[in-house]
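Hi there,

Here is the structure I promised to pass on. Have a look at it, then read my notes below.

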Amino acid sequence: MPTDYMYLMKCSKGGNFTQGQLSPFGKIELSPAAGVLNYGQGLFEGIKATRNEDGHLLLFRPEQNAMRMKIGAERMCMPSPTVDQFVDAVKQIVLANRRWVPPFGKGSLYVRPMLLGSGPILGVAPSPEYTFLVYASPVGNCFKEGSAPLNLYVEDEYDRASRGGVGGVKTISNYAPVFKSLQKAKNRGFSDVIYLDSVKKRYIEEASACNIFTVKGNMISTPPLNGTILPGITRRSIIEIARDYGYQVEERPVSVEELMDADEVFCTGTAVVVASVGSIAYQDKRVEFSPKAVCAELGSTLVGIQKGVIEDKKDWVVQID
């Protein structure tokens, strides 16, 4: 859904981003030879702006998104905004579109910062010009199931990422390749797909757009950040909260057999926040999981912090008005 304003800032190859500006939401002009169109030289981030009970506007750890974009930009041979420029642009876009931020408890304004190789380049090389663009849209639940447990399918044919590739950065080229598996899974009634490692096809990595956690007793496990898995900000926050609550958290390879034998499985991400998994299908086996307390406990704590109803002892939340 289009809102009122977007934010634009440009720089040349080898230069630095300077002052950007707000402009009415609308189309942007790109050369047919733009690097992002021809070679996929682009990155994006996702941040939610919400209201607290008093109606004030809140952001959750936006500096982490800024730093993740800087890391991704280095991998993709792109200049990037500074952390302060990134966060300032996000604040500006939320304030300019504040009438689109839903009331407390009714949703959020999803903010999408993008870094694009916008200059024309016919040869296989980095773009000569770059555009940092931020737009926003009000959103509700990520999945059609709403808050109901997800039904996932383990993909053992197609890969999401491989060692030495770009699976660990939020490049736009990571997302279209999952459409084939995702479409196949949704046609069979599943919510999303879990991908396996590209070498042994045995260890879980992540879903199409969220990280995966398993629970066994007091142990919470999630695949390690080895270059093929996106370092989710929600993932990082849940790990910290879980350790505060006394859970033992391990970032290590998790086999598909362990996944199917878990007491509980849940997903984390900016869009899904924390979502419990109700069932997982792998080859000819399907396992169902009963609703459990770990996902609910961690998820309610995180959402409470994000919405300002639980004390933010970690300085994660930024009030911008």
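Let's start with a term: a salt bridge is a side-chain nitrogen of Lys or Arg within 4 Å of a carboxyl oxygen of Asp or Glu. Side chains of opposite charge can pair when their charged atoms come close.

Two bits of housekeeping. This is a predicted model, where local features need pLDDT of at least 70 and side-chain atom pairs count only at pLDDT 80 or more, while totals for chains, interfaces and linings use all residues. Residues are numbered from 1 along each chain as its sequence is written, and side-chain values use heavy atoms, with hydrogens and water left out.

**Salt bridges**

How many salt bridges are there? The count comes to 18. One of them joins Glu240 and Lys314, whose closest N and O atoms are 3.8 Å apart. Glu240 sits in helix H5 and Lys314 in the loop between H7 and E17, so this pair ties together parts 74 residues apart in sequence. (Helices are DSSP runs of H or I with at least four residues, strands are runs of E with at least two, and both are numbered from the N terminus.) Glu240 counts as partly exposed at 25% relative accessibility, and Lys314 is partly exposed too, at 33%. For those words, buried means under 20% relative accessible area, exposed over 50%, and partly exposed in between, with a 1.4 Å probe and protein chains only. Glu240 and Lys314 also belong to a network of salt bridges with Arg61, Arg236 and Asp244.

Asp4 and Arg99 make another salt bridge, at 2.7 Å from N to O. Asp4 is in the segment before strand E1 (5-12) and Arg99 in the loop between helix H3 (83-96) and E6, 95 residues apart. Asp4 is partly exposed at 23%, whereas Arg99 is exposed at 61%.

Then find Glu206 and Arg160, which meet at 3.2 Å, N to O. Glu206 is in strand E10 (residues 204-207) and Arg160 in the loop between strand E8 (150-155) and H4. Are these two buried or exposed? Both Glu206 and Arg160 are buried.

**Pockets and a cavity**

These were found on a 1 Å grid over the protein atoms alone: a cavity is a set of points where a 1.4 Å probe fits but cannot get out, a pocket is an open set with protein on both sides within 12 Å along at least five of seven lines, and lining residues have an atom within 4 Å of a point. Grid points are joined across faces, edges and corners, and a volume is the space filled by probe spheres set on the points.

The largest pocket holds about 850 Å³ of space. Its lining has 40 residues, with Lys48, Val272, Val273, Val274 and Val303 nearest the centre. Which element gives the most to that lining? H7 does, with seven residues.

The second largest pocket holds about 530 Å³. It is lined by 30 residues, and Lys170, Tyr175, Ala209, Cys210 and Ala271 are the closest to its centre. H4 supplies the largest share of this lining, three residues.
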